[in-house]
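Thank you all for making time this morning. I would like to walk through one structure with you, taking its pockets to begin with and then a helix and a single side chain.

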Amino acid sequence: RVGHIEQASRLFNQLIENGLAPNNFTYNSIIAAHCSVGDTYIAFKLYDAMVKSGLFPDLSTYGALMMGLCKEGKMQEAHSIFREMLGKGLIPDKIIFTILIDGHLRNGDIEQAFKLWTEMGEKEILPDVVAYTALISGLCKRGYMEEAHECFTDMTKKHIFPNNYTYNLLIDGYCKDRNLASAFELKKEMVERGLVPDVFTSNILINGLCKQGSINSASRIYVLMPTKGVFPDIVTYNTLIDAYWKASDMKQAVDIIDTMSWSSYSPDIHTYNTWINGLCNTSMTQQALEFLDSLVATGFAPD
RNA sequence: GUAAUACUGGAUUUU
């Protein structure tokens, strides 16, 4: 789950060498790990081994496999696994449907997503907050803010209550739709409903303000974060660094790096890319190249 | 003869 797949694989092989038989739990864990990094090839090999050993893949197994295929954009294959699952007599649940709906939305197929949503309703499977949030996310990402907000009202009517994920997604949607007023209105609403805005909320608003050119307002939120018990993370820093570079304010960008060096966060690939991009866009291509070289020299792998 | 409210599949932000 924490992404140490190689180590997990080694343990898995040791387990077999020691004559122990993996069970569904073992297989599901390792299949899910491979799927989450987009390695469905190995996941399916494990699935075959699982079946061969006489185990019966369950909803977790199929969910993980379908998720992996969705991530790779192989929606047809995800559906054929779905059919295979049905063929084995397994009854899909809301999680299976959410995986497929989310997959279609990420691949830009809103129509298919709604078709599955309807199918889910026909099977009398009730969507939960995650299912609704996935749907809202897909709509927001495609710019269908009105529709997204309708789903939001709809879920509340059904007493499925929006959580931080739901609010953060909608707030981000409004920010990207250049509707900061609605974004802040929602933030206020989430507090009124007893939710506690988190670092995602802050990052979303900071990014929204930066992208519309209000770096000072963004900076104010950033500075006030700790007073609300929310602490900047690597995304906060990267967002601000990018904004300062884009505003040609290299001094402030360096300032953030400085602050970051005193924090528990280290620069990541986004930070380096942002920095290189900043140098390039301010006619410092030579410095960008040198910086890249120095990074590579320390063993950093550019993407 | 002993062990658990433990462990596996779904949704949010930055280049």
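This is a predicted model: local features need pLDDT of at least 70, side-chain atom pairs count only at pLDDT 80 or more; totals for chains, interfaces and linings use all residues.

The second largest pocket has a volume of about 420 Å³, where a pocket is an open set of points on a 1 Å grid over the protein atoms alone, at which a 1.4 Å probe fits, with protein on both sides within 12 Å along at least five of seven lines, and where the volume is the space filled by probe spheres set on the points, joined across faces, edges and corners. It is lined by 18 residues, of which Arg1, Ala8, Ser29, Ile30 and Ala33 are the closest to its centre, lining residues being those with an atom within 4 Å of a point. Two elements, helix H1 (5–17) and helix H2 (24–36), each give two or more residues to this lining, and H2 supplies the largest share, 7 residues; helices here are DSSP runs of H or I with at least four residues, numbered from the N terminus.

Residues are numbered from 1 along each chain as its sequence is written, chains are lettered from A and ligands numbered from 1 in the order in which they are written, and side-chain values use heavy atoms, with hydrogens and water left out.

Turning to the largest pocket, its volume is about 1100 Å³, and among its 37 lining residues the closest to the centre are Arg106, Ser137, Lys141, Tyr165 and Leu169. The largest share of that lining, 8 residues, comes from H6.

Helix H16, residues 269–281, reaches 18 Å from its first C-alpha to its last, close to the 18 Å expected at 1.5 Å a residue, the expected span being 1.5 Å times one less than the number of residues. After H16 comes serine 283, with a positive phi near 55°.

Finally, is tyrosine 27 buried or exposed? Tyrosine 27, which is found in helix H2, counts as buried because its relative accessibility is 5%, and buried means under 20% relative accessible area with a 1.4 Å probe, protein chains only. Leaving aside neighbours within four places in sequence, tyrosine 27 is in contact with residues including Phe12, Pro22 and Leu46, contact meaning heavy atoms within 4.5 Å.

Notes. Buried means under 20% relative accessible area, exposed over 50%, partly exposed in between (1.4 Å probe, protein chains only).
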